[in-house]
Amino acid sequence: MSETIEKFDKHIMHTYGRLPIVIEKGSGDEAVDENSKHYIDFGSGIGTNSLGYCNDKWAEAVCNQVHSVQHTSNYFYTKVQADFAEKLCDLTGYSTVFFGNSGAEANECAIKMARKYSFDKYGKGRHTIVTLVNSFHGRTLATLAATGQEVFHNYFFPFPEGFVATPANDIDALKKLISEDNTICAVMFEFVQGEGGVIPLEQNFVNEIFALCAEKDILTVADEVQTGLGRTGAILTSVRYGVKPDITTLAKGIAGGIPMGACLAGEKCADVLSKGTHGSTFGGNPIACAGGNVVLDTVSADGFCDEINRKGYYLVKKMLDIPEVESVDGMGLMIGVRLKTKKAADILSSAAEKGLLILTAKDKLRFLPPLTITYEDIDKGVEILEELLN
Ligand SMILES: Cc1ncc(COP(=O)(O)O)c(C=O)c1O
């Protein structure tokens, strides 16, 4: 067995089911393991390496930053954080941003912001966050409480109070909940449930969330940790749905593979989190911001998101030509594939043996390739899948 894997087994908590592959380096869409075996990567570190492995411009910006200032506390200013925040707000149409280090932290910030907005305006007691059944919002206690999947709730009771899950796409259930419960301050949702199986929300349901929330000054909170910044073929998936949430959270691909989370606030919430009410030692770290600047420049370049959509259609069409494929869901380069007879988990390991890294979500295959993936590598990846599935 690999020495690296032995060390992992001995010293690192066994919270993940890992494939026995030690990734040593990567370039573009390809990862290389310690035995020099090459893999096309349809997972990109769960959507984090948005520009692929070691993109030249990204690597240069990150290395330059490492050689100037790697970190300073948030008691000081850095130009790179200012530039990144300005770019992010301009691009997304939000007023202000809070930086953390992960999706869970971005969502924690959103939850705190929604509760404080309501407290400031209406006083105590209006604190409930409505989430959706089958959602995923993170692994901290509050974001687990927000996560509408019982399977994640085992062992860790008691959870923070004030979360209630309603079924996705069930307008009547949402209407009933909002009309009967006057403690609600926000509705939080993913436009495409990622960990839940790559399931896009129906447009009517999204419209209804926004209409019902507007009537009662309930905040809309979009968790775009997985779907944001190009993944679904738009800067934000909310644009595809034609809505503007009060709060949007981002993480995963935002800094191209360096830990970062962001909680964006529109006009209503821009100044809700005042001095001393929230913080994060590493939040807005200069290296992450330097990487993030290149991600934003790339994703916002003319035609880049259109190309994501074209590549997504291309990949979906190819998958639909495989007889074992029952259906394909998703948007842009966030794709879930339901198989007719084979188990997604079995395909994960056999694909890796043949040189293709993929993900699963529930019982589906899941693809979150780099946004820069080439058509040639899409072809190569699908060829491997065809061989395994036929
Ligand atoms: C929609 C969504 N929200 C939040 C999270 C949590 O992000 P992190 O693991 O960076 O805390 C994830 C992670 O998969 C996610 O997909």
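Modeller: Four strands make up an open sheet, in the order β1-β2-β3-β15, and the pairing is mixed. Strands (E, at least two residues) and helices (H or I, at least four) are DSSP runs, numbered from the N terminus. Two strands pair if DSSP finds at least two bridges between them. The edges belong to β1 (23-27) and β15 (356-357). Each has a single partner strand, so one side of each is left without a neighbour in the sheet.

This is a predicted model: local features need pLDDT of at least 70, side-chain atom pairs count only at pLDDT 80 or more, and totals for chains, interfaces and linings use all residues. Residues are numbered from 1 along each chain as its sequence is written, and side-chain values use heavy atoms, leaving out hydrogens and water.

Now β2 (residues 30-33) and β3 (residues 38-41). They run antiparallel, joined by three bridges. Glu-30 stands opposite Ile-40 in β3.

Next, the rings. There are nine aromatic pairs (Phe, Tyr or Trp rings, the six-membered one for Trp, with centres within 6.5 Å; stacked under 30 degrees between planes, edge-to-face over 60, tilted otherwise). One of them joins Phe-42 to Phe-367, edge-to-face, at 5.3 Å centre to centre and 65 degrees between the planes. This pair links distant parts of the chain, 325 residues apart. Phe-42 sits in the loop between β3 and α2 (44-47), Phe-367 in strand β17 (residues 364-367).

Phe-189 counts as buried because its relative accessibility is 0%. Phe-210 is buried too, at 15%. Phe-189 and Phe-210 belong to one aromatic cluster with Phe-191 and Tyr-241.

Last, the cysteines. The count of disulfides (cysteine sulfur atoms within 2.5 Å) is zero. For Cys-63, the closest cysteine sulfur is in Cys-54, 9.1 Å away, so the gap is too far for a bond. Cys-63 is partly exposed, at 41% relative accessibility. For Cys-263, the closest cysteine sulfur is in Cys-109, at 3.7 Å, also too far for a bond. Cys-263 is buried, with a relative accessible area of 1%.

Notes: Buried < 20%, exposed > 50% of the residue type's maximum accessible area, 1.4 Å probe, protein only.
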